[in-house]
Amino acid sequence: MSMGITGPDLDRTEIFPEGAIDGLGAFAKGMKLARDVQVGRSAFLEKHGLASELAFKRQEMAAGRLMFHAQIGYRSLQASKRAWADIHDRLDARGWAPDRYGICLDWSMGYARRDRSRRRKGTGLILNKPEDFIALTAMAPVAPHFGDFVLGMPAAVENTSAALLAGSTTIGNLSQYFTFRLPDWQDDVGTTLATVEALGLLKGQPTEILVHSNLDDGYAAWVEDMGTALGCAMIERWIVEDLMGLPLGQCFGHTFTDPVKRLAFKMALARANPTPGTMLYGNTTLYRANAAENYGALSSYIMVDMIGQLTAPSGHAVTPIPVTEAQRIPDVDEIVNAHMAARRLAERLPLTMPLINDAEAAALVEPLEARARSFMARVLSAFSDAGINMEDPAELLLAMRRIGPGRLEAWYADPSEEAPRIASAFVDEIEELADEELAGVAENDRHILRQTAPVVVVGATDVHFYGKRLIETMLRRIDVEPIDGGVSVEPARLADACALAGAQAVCISTYNGVALSFVQTLKGELARRKLAIPIYVGGRLNEVLEDTGSDLPSDVAQELRQLGVTPCSTVRDFLTDLAQRSRRASASS
């Protein structure tokens, strides 16, 4: 690739060394499949007498009513079925029944059914056949939203088919396609074609199916300019709506902490994509270890989301995230309690509305749109100049995925001062949290780390890289330059990075329920490379352990300690222990 006036001159053969990608053929194949696989009825659609959740959203928007979203999905189908009914019934008794459920499928559901049994698993729900999908969604009249590990995965067609048969008319999560990588899976062409075929299946349905995309699981969590995030959302909409003729409902939330920027992005997104959104996800990065304190965080973000929907409805359901989300998979009581708190707040909110002035948020909308439009135009122009087929959704999707968010932003974000950069909210939040965490690290510990500058490789087991970035930020604050071990990294690749860097420690951020098995494999890979270095691991330290006979995830911190690994509840724990090791190593040398 050579450097052009507005960024690199892309070389099509470098992006697609395998040649042309026939996305149009895959889309047509999906349309044909729709003759045999069509959306079934659901208790939700029957209750409201509507053909789709999109029709329901338009109805509620016109009435000015708030909609509410809850997340469920325990490993056990029976536990998930009970939760589906129980959450609805307990809240409905107060007149507060949720409108929709997001179903937390396990990430191993992304593999084809025939291949799934021999793959590693997380802690989420595994539905083995279409009848399981149907049995789940029949438990109460709540809209079923299959949000994760359906679209964007190798098993996109079979999971989309099962979701449709279960009466789901909102299916995602398209944004995962761009950034999520299944362990031990390299076939991105096959994944792309499966995704486009599944989208063809949705397009061929007799009613409108809303394609869901959580921007936080795609580019919004990776780029540092809110204008770039909005520009990526606009490109995604152009591919899905303009090229494929499907409605795209976009979601965001957990990386938008600043209330002004959160509301501004909602306003700008509604203008860029008038299709009703799916939900506004909870701002879970605000949550800390104390559950009582987290109710304050819950109120702070959900009030902003409710205000946004009352002043200018965009169709997004608001999501009260249980205050224990950062520590474990919440139980039914915790989900119900979060919704009750949010519903009581919603009752009081109309009395507060006369005090609300959203002028500061509104002032950011036009600058955001200007940067987004410029980014979109520059990206699509570069794609066209490279000879990418601008009518083929698969080529466009795969080009976005292979180039990746970092390079797209570096190459095509508008450099002019006329449209100044608006920092993504999570960038500011990580900086603030790094200050807070470092204040808890003793000065002499920071001093020894500056002196010894240990070589530390930092990696993440999944796409949630917030913890990884926080670790890297704190290390840089004390003049220790971290080595990037990768995101969604395999143990062997992480061990290779350690060997190449001459690592003195490796630090892992994990969220996807593989803490113990990942570390067990990593220890073996390090041993094969004759590396005996300390391993630190933080995040959600849980896993479903087969020898317990339970489908519930277990805390595996003790098992990690028995392996000689150091589990860390905070980043300051990691730095304090690393300093002690560095002090001992310095004294013995």
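In the predicted model, Tyr 177, Phe 178 and Tyr 219 are joined into a cluster by ring pairs.

The structure holds twelve aromatic pairs, among them that of Phe 256 and Phe 265, whose ring centres are 4.7 Å apart. The planes of these two rings meet at 40°, and the pair is therefore assigned as tilted, given that angles under 30 degrees count as stacked and those over 60 as edge-to-face. Phe 256 is buried, as is Phe 265. A further placement of arginine over an aromatic face involves Arg 343, which is positioned over the ring of Phe 68 at 3.8 Å from the ring centre.

Attention may next be given to Ser 42, which is placed in the loop between helix 2 (23–33) and helix 3 (43–48). The relative accessibility of Ser 42 is 7%, and this residue therefore counts as buried, the limit for that class being under 20%. When neighbours within four places in sequence are left aside, Ser 42 is in contact with Ala 166 and Gly 167. Leu 246 lies 204 residues from Ser 42 along the chain, and the C-alpha atoms of these two residues are separated by 21 Å.

With regard to the chain as a whole, 25 helices and 17 strands are present. The radius of gyration is 24 Å, which is close to the 25 Å given by the globule rule for 589 residues, so the chain is as compact as a globular protein of that length. The C-alpha trace spans about 75 × 60 × 55 Å along its principal axes. Of the 589 residues in the chain, 60% are buried, while the accessible surface comes to about 22,600 Å², with 51% of this area belonging to carbon and sulfur atoms. As for the contacts between residues at least 6 apart in sequence, 79% join residues at least 24 apart.

Technical notes: Residues are numbered from 1 along each chain as its sequence is written. This is a predicted model: local features need pLDDT of at least 70, side-chain atom pairs count only at pLDDT 80 or more; totals for chains, interfaces and linings use all residues. Side-chain values use heavy atoms; hydrogens and water are left out. Helices (H or I, at least four residues) and strands (E, at least two) are DSSP runs, numbered from the N terminus. Buried means under 20% relative accessible area, exposed over 50%, partly exposed in between (1.4 Å probe, protein chains only). Contact means heavy atoms within 4.5 Å. Rings of Phe, Tyr and Trp (its six-membered ring) pair if their centres lie within 6.5 Å; planes under 30 degrees apart count as stacked, over 60 as edge-to-face and the rest as tilted. A charge sits over a ring if NZ of Lys or CZ of Arg is within 6 Å of the ring centre and within 35 degrees of the ring normal. The radius of gyration is taken over C-alpha atoms; the globule rule is 2.2 Å times the number of residues to the power 0.38. Accessible areas come from the Shrake-Rupley method with a 1.4 Å probe; for residues, only the protein chains shown count as cover.
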